[in-house]
Amino acid sequence: MNSADSSQPNGFEPELGGIWRQKGVFVDENICIGCKHCTHVATNTFYIEPEYGRARVFNQDGDIEELIEEARDTCPVNCIHWLDYTELKQMEDARRNQVIQSLAIPPAMRRSQISPKSRSK
Ligand code: SF4
């Protein structure tokens, strides 16, 4: 490594100038309609959870951010959100006890568990 290289980030840790994402992706399964678009785009990030038939993230580091953004763009009901990791942990914990409402209820009438602040991310 020459002296020019030493001024460049040498890892993924953001505090050292690296490029690790400081947010995670989360599907609001109360809103998801199970269309599978996201699972076809970011195949290493999303899968269809078999019990409720909604998309879920199984790997935060499976795809590059651009591909996850493309998956978000394909979502017809805008239920894929970026959350900071503290909020992501809270949402994943809350999801463990949730009972998903029927897909027969229109998305606009379903209860969302995502706060309005998070929706703008
Ligand atoms: S694209 Fe949206 S609605 Fe379709 S499965 Fe993925 S999260 Fe659900």
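Read along the sequence, the chain follows the pattern β-α-β-β-α-β-α-α, and its secondary structure comes to four helices and four strands. Helices (H or I, at least four residues) and strands (E, at least two) are DSSP runs numbered from the N terminus. The model is predicted; local features need pLDDT of at least 70, side-chain atom pairs count only at pLDDT 80 or more, and totals for chains, interfaces and linings use all residues. Residues are numbered from 1 along each chain as its sequence is written.

Confidence is given as pLDDT, the predictor's confidence in each residue, from 0 to 100. The chain averages a pLDDT of 82, and 67% of the residues score at least 70. Helix 1 has the highest confidence in the chain, at 97, whereas helix 4 (residues 116-119) has the lowest, at a mean of 48. Where pLDDT is low, the predicted coordinates should not be read in detail.

Burial was assigned from C-beta atoms placed from the backbone: a residue is buried if 20 or more other C-beta atoms lie within 10 Å of its own, exposed if 12 or fewer, and partly exposed in between. By this criterion, 20% of the 121 residues of the chain count as buried. Two residues are taken to be in contact if their C-beta atoms, placed from the backbone, lie within 7 Å. Among the contacts in the chain with a separation of 6 or more, 61% are accounted for by residues 24 or more positions apart.

A nonpolar core is defined as a set of buried Ala, Val, Leu, Ile, Met, Phe, Trp, Tyr and Cys residues joined through C-beta atoms within 7 Å. The largest such core has 16 residues, and those with the most contacts inside it are V27, C38, F46, A71, C79 and I80. Strand 1 (23-27), strand 3 and helix 2 (65-74) each give two or more residues to this core; strand 1 gives the most, with three residues. In soluble globular proteins, nonpolar side chains tend to be buried together. Leaving aside neighbours within four places in sequence, V27 is in contact with C32, R54, A55, R56, V57, C79 and I80.

Strand 2 (residues 46-49) and strand 3 pair in the antiparallel sense over four bridges; two strands pair if DSSP finds at least two bridges between them. Within this pairing, F46 stands opposite V57 in strand 3. The hairpin of the two strands has four residues between them, and G53 takes a positive phi near 75° there. E49 lies in strand 2 and is partly exposed because 18 other C-beta atoms lie within 10 Å. Not counting residues up to four places away in sequence, E49 touches R54 and R56. The C-alpha atoms of E49 and E29, 20 residues apart along the chain, are separated by 9.6 Å.

In the loop between strand 3 and helix 2 lies F58, which is exposed, with 12 other C-beta atoms within 10 Å. F58 and T45 are 13 residues apart in sequence, with a C-alpha to C-alpha distance of 5.7 Å. L83 belongs to strand 4 (residues 80-84) and, with 19 C-beta neighbours inside 10 Å, counts as partly exposed. L83 and F26 are 57 residues apart in sequence and 7.0 Å apart in space, C-alpha to C-alpha.

Most residues other than glycine have a negative phi, and most peptide bonds are trans. K36, a residue other than glycine, has a positive phi near 80°. K36 is placed in the loop between strand 1 and helix 1 and counts as partly exposed, with 15 C-beta neighbours inside 10 Å. N78, also not a glycine, has a positive phi of about 50°. The loop between helix 2 and strand 4 holds N78, which is exposed, with 12 other C-beta atoms within 10 Å.
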